[in-house]
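Subject: Structure for you to look at

Hi,

Here is the structure I promised to pass on. Please open it alongside this note, and then read on for what turned up in it.

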Amino acid sequence: MAEYRTHMKIIGDILATTRDDLQDEDGASVTYLIRKANISHSRISTILKTLVSQGLLEKVENQGSNKYKISQPGREFLQAYYTFTNFADNFGLNI
Amino acid sequence: MEFLLENILNLVGFLVGLAIGIMSYIGFRNTGSPTLFRLTIAFFSISAGFFIIWSGYMVEDFITKTGSVERWIQTLGIAIQTVGYFFIAFSHSIKSFFPKSSYFRSVGIIPLFLVSSVQLEHIFRSVSFILLAYGAIETMLSYFENRNKGAISVAVGLGLLALGEFVGWYSFVFPESILYSVSMIIKIGGLIALFIPVSKVPLTKIKFDDLE
């Protein structure tokens, strides 16, 4: 059975992909993120827009296509996310 | 002896609740997670409940010197703690029953059948026991899924708090026995077990309010 992922977990997966698993130095394309984060196109578009507006991701235009890289606040958010995921795990909860 | 134990219990409860509440709040501010928001409310409520009872004992000891704490202070403190236990159980309910099934509705009404009608304080103690036992079971089940050792400590902590609540409630049947002191010692042990995994969270690396 597929594991249920919270909205926060999906954001964590997207940020982790843009930090640890980039295709090249320019960043990750939407298609690549869809595959890695296992999420639909319509849903990821909304999330990416939010993450860019919050300053957690940087949008890089490259040869007519958009790529996404994690920003410094994004790295710090991801670190906080991992810390508090572990904290909530202690209570048997998901953040 | 009872007075001393009661003071230690309430002070430890206040400090442990406050520490976990602050930790949850920092987590909520950094991630915006609704789960951490519920934990914040839960542990600040638990902390406030213990603080109110502790204040009652302090006022009695240093100011009024009547020999017993005002009943309404005790009841108010326990009621606020119960709100905290409710939010812990509520978080587990959301995780376990949503969005999967409507089973939540049938479990949600169990406390209504089990509450005592003797006194308000007894009602709150009964509800607290149910919520704590539920929280302990759910936390233990999550350990079997994730194998996170901290979950064992939290499950034991919630379990001991539930047992302490039960023994404390049972001591009303035998008022002069050692049961009430035993219940307080069990609860102190529960609070310490609850704090152990939280004390290991590496908070120094988190920059508070960095995203604002």
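A word on how to read the rest. This is a predicted model, in which local features need pLDDT of at least 70 and side-chain atom pairs count only at pLDDT 80 or more, while totals for chains, interfaces and linings use all residues. Residues are numbered from 1 along each chain as its sequence is written, chains are lettered from A and ligands numbered from 1 in the order in which they are written, and side-chain values use heavy atoms, with hydrogens and water left out.

**Chain B on its own**

Chain B has eight helices and zero strands; helices (H or I, at least four residues) and strands (E, at least two) are DSSP runs, numbered from the N terminus. Of its 212 residues, 48% count as buried, where buried means under 20% relative accessible area, exposed over 50%, and partly exposed in between (1.4 Å probe, protein chains only). Contact means heavy atoms within 4.5 Å. Among contacts in chain B between residues at least 6 apart in sequence, 71% join residues at least 24 apart. One residue to look at in helix α1 of chain B is Leu11(B), which is partly exposed at 31% relative accessibility. The C-alpha atom of Leu11(B) is 9.3 Å from that of Ser55(B), 44 residues away along the chain.

**Where the chains meet**

The contact draws 34 residues from chain B and 20 residues from chain A. What holds polar groups together here? The count is two residue pairs in polar contact between chain B and chain A, both at pLDDT 80 or more. A polar contact is a pair of N or O atoms within 3.5 Å; within protein, one must be able to donate a hydrogen and the other to accept it, and residues adjacent in sequence count only if both atoms are side-chain atoms. On the side of chain B that touches chain A, at least two residues each come from α1 (2-31), α2 (34-64), α3 (71-97), α6 (120-146), α7 (149-170) and α8 (179-198) of chain B. The largest share, seven residues, is from α1(B). By class, this side has 16 nonpolar, 14 polar and four charged residues; Ala, Val, Leu, Ile, Met, Phe, Trp, Tyr, Cys and Pro count as nonpolar, Asp, Glu, Lys and Arg as charged, and the others, Gly among them, as polar.

Thr35(B), in helix α2 of chain B, is worth a click. Thr35(B) is buried at 8% relative accessible area, and it touches Leu93(A), Asn94(A) and Ile95(A), not counting residues up to four places away in sequence. A polar atom of the Thr35(B) side chain lies 2.8 Å from the backbone oxygen of Asn94(A).

**The nonpolar cores**

A nonpolar core is a set of buried Ala, Val, Leu, Ile, Met, Phe, Trp, Tyr and Cys residues joined through side-chain atoms within 4.5 Å. The largest has 63 residues, and those with the most contacts inside it are Ile14(A), Leu15(A), Phe87(A), Phe91(A) and Phe43(B). Leaving aside neighbours within four places in sequence, Phe87(A) is in contact with Ile20(B), Met23(B), Ser24(B), Leu36(B), Leu39(B), Val198(B) and Val201(B).

**Salt bridges**

A salt bridge is a side-chain nitrogen of Lys or Arg within 4 Å of a carboxyl oxygen of Asp or Glu. The whole structure has four of them over all chains, but the interface of chain B and chain A has zero.

Arg125(B) and Glu165(B) form one at 2.7 Å, N to O. Arg125(B) is in helix α6 of chain B and Glu165(B) in helix α7 of chain B, so the pair ties together parts 40 residues apart in sequence. Both are buried, Arg125(B) at 3% relative accessibility and Glu165(B) at 4%. Glu165(B) also pairs with Lys187(B), with the closest N and O atoms 3.5 Å apart. Through shared partners, Arg125(B), Glu165(B) and Lys187(B) join into one network.

Happy clicking, and write back with any questions!
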